[in-house]
Amino acid sequence: MNRSTLRQLMFNRRAMLLGGVQLGAAGLLGGRMAWLALAEGDSLRSAAEDNRIALRVLPPRRGLLTDATGLPLAENRPAYGVEITPSLAGDVATTLDRIGRILPIAPEERAALIAEARGISGTGTLLVAADIDWQDYAALNLELADMPGVQPVKTYVRHYPGGEGFAHAIGYVGRPTREQYRETRNPLYLAPGFRLGKDGLERGLDSALQGVPGARRVEVNARGRVLRDLDTRADVPGKAFRLTLDQGLQAYMAERVGDQSASVVVIDCEDGDIKCLLSMPAYDPNIFARRIPAGLWAELQASDRKPLLAKATQGLYVPGSTFKMVTALAALAGGVLPTDTVVCGGRYTVGGNSWHCHRRRGHGRVALERGIAASCNVYFYTMARRVGPQAVADMARTLGLGQRMDLPLPAIRAGIVPDPDWKRRRFGDDWQVGDTLNTAIGQGYLFVSPLQLAVMTARIASGRLVEPRLLADTSVPRFAPLPVPPEYLEVVRKGMADVVNGPGGTARRARLPVAGIQMAGKTGTAQVRRITAAERRRGVRRNESLPWRLRDHALFIAFAPVVAPRYAVAVVVEHGASGSRAAAPLARDALTYIYDRPRAEAQLAKLRAERERARRAAEEAARRAAEEAARLAAGGTPAPATAPPTAAPPAPGAGGA
């Protein structure tokens with residue numbers, strides 16, 4: 001066999017071998033393709049469809065909250081946003097940095113987004129911003145081609161037109177926490193843009209406000225970008241609620257209170273409707289509804305004026321002399337006659353210890369009506385001791401103190417109405433005479449909320465067991481009569497009328513400037529520090545000389561008109577020093593707004609101008625002080641003293657003292 005033939009045989013042999021291998025490979029591939037097409041075809045088609053089609057949950061729009069006349073207090077505003085799909089975005093930090101070139105992202109917010117992205121898998125998305133303007137939205141759209149996993153969205157954001165003035169009553173919404181998701185395992189909690197009620201009525205009515213989510217089927221490309229909508233099932237908005245609040249009144253009082261730390265509650269005595277439920281200072285719920293900046297949160301928590309506390313329902317205060325109507329009614333129920341008198345010499349002595357009246361020289365001979373009008377401590381010491389502490393505590397509870405009101409608000413506090421049994425359970429100690437005397441004038445262990453004071457006032461004014469309500473679209477309640485004889489209530493109401501309109505009343509300067517309408521009320525001043533015997537001998541320091549946090553709280557309760565009362569008001573000004581000077585003017589102005597709105601708004605305009613002049617004067621003084629400090633630092637000599645610019649004094653109750 002020649003060499004040529006041998007080479008041909010080897011070539012044929014190799015060709016056959018290669019052909020066999022190719023034939024075997026083709027057979028394997030064909031078999032595999034047949035297997036995939038026949039046995040696994042459905043599952044592969046489904047997987048391909050899943051890669052092409054994405055199902056997006058549409059968070060439901062929350063139900064609207066309106067005031068009694070239909071004005072919006074919480075609404076849903078259309079907005080532009082941007083979200084990312086972490087599984088498609090690659091390095092989330094880099095993606096956020098690129099977005100941050102157009103939309104500034106605070107460092108703490110960036111860190112929170114990165115941490116949140118770690119817990120999202122699959123096609124889950126993360127909402128980076130929910131309320132951006134059109135220019136930024138358009139700029140982002142231009143960059144999307146080079147930003148995989150980033151998607152612009154049209155969404156809704158919760159909007160609160162009333163801002164800070166309604167923050168504690170309405171509350172705000174926020175993203176569900178991981179703990180909330182673990183508790184419920186509700187997949188809706190993972191949807192971008194879904195919000196839960198975090199405070200106020202948003203939280204108390206959350207389940208009804210949430211609504212039913214919708215769904216959106218979209219076609220996406222390999223980068224997760226939406227190519228087109230395939231199908232949409234609309235969401236069902238949550239239930240809308242009409243509230244009893246008066247938007248105009250509450251907004252007016254929020255501006256009237258200004259920078260004071262105060263609460264104002266106004267109740268309609270006929271149906272229990274809460275017309276104003278104000279706690280100031282507060283926060284902007286529109287900021288809280290997005291993402292709370294860490295710096296702002298720390299600032300609010302550190303403030304000594306407690307802007308995060310709903311003072312009207314959660315703040316507890318010693319009621320001071322506003323409690324004296326309770327003692328008066330307990331005394332009348334216990335057999336004391338309105339004409340029974342007590343001689344006040346300025347102090348009440350028991351066993352060598354003295355309890356003082358606010359008037360050092362005393363009030364002389366005092367009966368019930370004058371005791372209320374002049375706020376004589378000695379009269380109420382005497383009468384409380386005569387009827388006993390249990391009678392006083394029982395009357396307080398009858399009037400609504402120590403009770404947790406049934407309202408759709410979180411963390412409403414019941415306060416404390418002490419009696420001998422309470423002290424025994426709480427401290428393991430017996431009740432003392434001094435406890436009775438302290439309670440008689442609203443001091444000691446007694447703590448109440450502004451809401452409770454308003455309810456108490458409404459019950460005294462109407463003679464019925466008024467219960468407060470915040471939801472207007474419910475049946476109008478019929479309140480049972482107060483279990484107190486009408487003639488007793490009339491005596492107490494007459495004393496309260498004399499507080500404002502009588503010759504010796506403690507709140508004469510708070511008379512209503514409305515023709516034909518008179519207001520009845522009661523001032524109160526609650527100590528927040530202990531006054532020692534040595535200080536009393538030297539002379540008690542004036543509140544104005546004390547640091548703000550050591551000044552007395554100022555309280556005032558009122559109702560109007562005196563004849564056929566319709567509205568009850570409670571005001572607490574923290575560290576306001578004087579109920580007649582700080583709290584009573586606020587109650588007067590609230591009622592003036594109700595009965596003569598133009599007059600009230602004109603008064604507020606004057607106050608607004610005075611505050612502006614005071615602000616400018618303070619800025620000018622600060623500028624001069626800074627210039628003087630700079631000159632001294634540079635080695636200059638002190639400038640000659642000059643008179644500061646004249647500024648109008650603040651209106652009564654406009655400041656913190």
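How many residues of helix 17 (residues 377-387) are buried? Nine of its eleven, and the helix is mostly covered. Buried means under 20% relative accessible area, with a 1.4 Å probe and protein chains only.

This model is predicted: local features need pLDDT of at least 70, side-chain atom pairs count only at pLDDT 80 or more, and totals for chains, interfaces and linings use all residues. Residues are numbered from 1 along each chain as its sequence is written, and side-chain values use heavy atoms, leaving out hydrogens and water.

1. Helix 17. The buried residues include Tyr379, Phe380 and Tyr381. Val387 is buried too. Just after this helix, Gly388 has a positive phi of about 95°. Helices here are DSSP runs (H or I, at least four residues), numbered from the N terminus.

2. Helices 11 and 24. The axes of helix 11 (residues 247-257) and helix 24 (residues 579-595) come within 10 Å. They cross at roughly 150°. Axes are lines fitted to C-alpha atoms over the stretch in contact, and angles run from 0 to 180 degrees between N-to-C directions. The two helices are therefore roughly antiparallel (angles over 145 degrees).

3. Asn286. This residue sits in helix 12 (residues 285-288). Asn286 counts as buried because its relative accessibility is 13%. Leaving aside residues up to four places away in sequence, Asn286 touches Arg158, His159, Tyr160 and Gly163.

Key
Buried < 20%, exposed > 50% of the residue type's maximum accessible area, 1.4 Å probe, protein only. Contact = heavy atoms within 4.5 Å. Parallel < 35°, antiparallel > 145°, perpendicular 65-115°, else oblique.
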